[in-house]
Structures are given as C-alpha cells and as structure tokens.
Amino acid sequence: MGFLDFFNHLVNFFVPALAMALLVPALARLVWWRVLKPVAWWRQVGIVAGVNALVWLAGLILLGRDGAMWSYAALVAASALTVWWTGLKGRA
C-alpha cells in the first residue's frame, strides 16, 4: 500500500465522524437557534469533530473493526451530547 492509498483509507475512515460533526450542530441550530446564537458554529463543529474522532477510534479498538453499528450509535450519542455540552447546557 502506497502513501496515497493509506491517505485515502485514513480520510474515508474519518468521514462519518466529520459528517456528524457538520450535521448535528447545524441541525441543532434549526431547532434552538436563539439559544445557540452566542456559540460560534465553527467552534462547535471543531469540538464535535474531535470528540467524534476519539469515539470512532475507540470503536475501532474495542470492537476490532470499523463500521460496527455500536460505533455508529456511539457516534450519534457523542455528537448530540457534545452539542448539548458546548451550547445548550445551562441555557435551555
């Protein structure tokens, strides 16, 4: 496997984590737009992306393969909890 193949696999591994990091804060702003107004969207996306990457790696290590349904469930829960923690906790 060459460098480009490795890079392609690495990027494709983190695509679900990044997609959730972009979607969840954006969708949360559709529902709680007044509450989330003081919080920068890019800041939330960055924090959610970091947490999601850690959860995704933990799923790979604990379950032995990527793409397991438990990993996806943990990714959804981590995204929602991180958005709540960074923007909604104490404000809603």
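Author: Buried means under 20% relative accessible area, exposed over 50% and partly exposed in between (1.4 Å probe, protein chains only). This is a predicted model, in which local features need pLDDT of at least 70 and side-chain atom pairs count only at pLDDT 80 or more, whereas totals for chains, interfaces and linings use all residues. Residues are numbered from 1 along each chain as its sequence is written, and side-chain values use heavy atoms, with hydrogens and water left out.

Reader: In what order do the elements of the protein run from the N terminus on?

Author: Helices (H or I, at least four residues) and strands (E, at least two) are DSSP runs, numbered from the N terminus. The protein has three helices and zero strands. From the N terminus on, the order of the elements is therefore α-α-α.

Reader: What share of the residues in the protein is buried?

Author: The C-alpha atoms of the protein fill a box of roughly 50 × 25 × 15 Å, taken along the principal axes. Of the 92 residues in the protein, the buried share is 28%.

Reader: Among contacts between residues at least 6 apart in sequence, what share joins residues at least 24 apart?

Author: Contact means heavy atoms within 4.5 Å. Among the contacts in the protein between residues at least 6 apart in sequence, the share that joins residues at least 24 apart is 63%.

Reader: How are α1 and α2 oriented to each other?

Author: Axes are lines fitted to C-alpha atoms, for helices over the stretch in contact, and angles run from 0 to 180 degrees between N-to-C directions. Helix α1 (residues 3-31) packs on helix α2 (residues 41-63) at about 140°, and their axes are 8 Å apart. Angles under 35 degrees count as roughly parallel, over 145 as roughly antiparallel, 65 to 115 as roughly perpendicular and the rest as oblique. The orientation of α1 and α2 is therefore oblique.

Reader: How many nonpolar residues does the contact of α1 with α2 have?

Author: On the α1 side, Phe13, Ala17, Met20 and Leu22 are among the residues that make the contact, and on the α2 side Val45, Val48, Asn52 and Trp56 are among them. Ala, Val, Leu, Ile, Met, Phe, Trp, Tyr, Cys and Pro count as nonpolar, Asp, Glu, Lys and Arg as charged, and the others, Gly among them, as polar. In the contact of α1 with α2, two residues are polar, one is charged, and the nonpolar residues number 17.

Reader: What is the orientation of α2 to α3?

Author: The axes of α2 and α3 cross at roughly 150° and come within 9 Å. The orientation of α2 to α3 is therefore roughly antiparallel.

Reader: How many polar residues does the contact of α2 with α3 have?

Author: Residues of α2 in this contact include Arg43, Ile47, Val51 and Gly59, and those of α3 include Trp70, Leu75, Ser79 and Thr86. The residues of the contact of α2 with α3 divide into 12 nonpolar and one charged, and the polar ones number eight.

Reader: How is α1 oriented to α3?

Author: The axes of α1 and α3 lie 10 Å apart, and the two helices pack at an angle of about 40°. The orientation of α1 to α3 is therefore oblique.

Reader: How many charged residues does the contact of α1 with α3 have?

Author: Pro16, Met20 and Val24 of α1 are among the residues that make the contact, as are Tyr72, Val76 and Ala80 of α3. By class, the contact of α1 with α3 has 11 nonpolar residues and one polar residue, and its number of charged residues is none.

Reader: Is Asn52 buried or exposed?

Author: Asn52 lies in helix α2. Not counting residues up to four places away in sequence, Asn52 touches Ala17, Met20, Ala21, Leu75, Ala78 and Ser79. Its relative accessibility is 0%, so Asn52 counts as buried.

Reader: Which residues is Thr82 in contact with, leaving aside its neighbours within four places in sequence?

Author: Thr82 lies in helix α3 (residues 69-88). At 9% relative accessibility, Thr82 counts as buried. Beyond its neighbours within four places in sequence, the residues in contact with Thr82 are Ile47, Val48 and Val51.

Reader: Is the aromatic pair of Phe13 and Trp56 stacked or tilted?

Author: Rings of Phe, Tyr and Trp (its six-membered ring) pair if their centres lie within 6.5 Å; planes under 30 degrees apart count as stacked, over 60 as edge-to-face and the rest as tilted. Phe3 and Phe7 both lie in helix α1, four residues apart, about one turn of the helix. The rings of Phe13 and Trp56 are 6.1 Å apart centre to centre with 45° between the planes, and this aromatic pair is tilted.

Reader: Which residues form one aromatic cluster with Phe13?

Author: Phe13 and Trp56 are both buried. The residues that form one aromatic cluster with Phe13 are Phe14, Trp56 and Tyr72.
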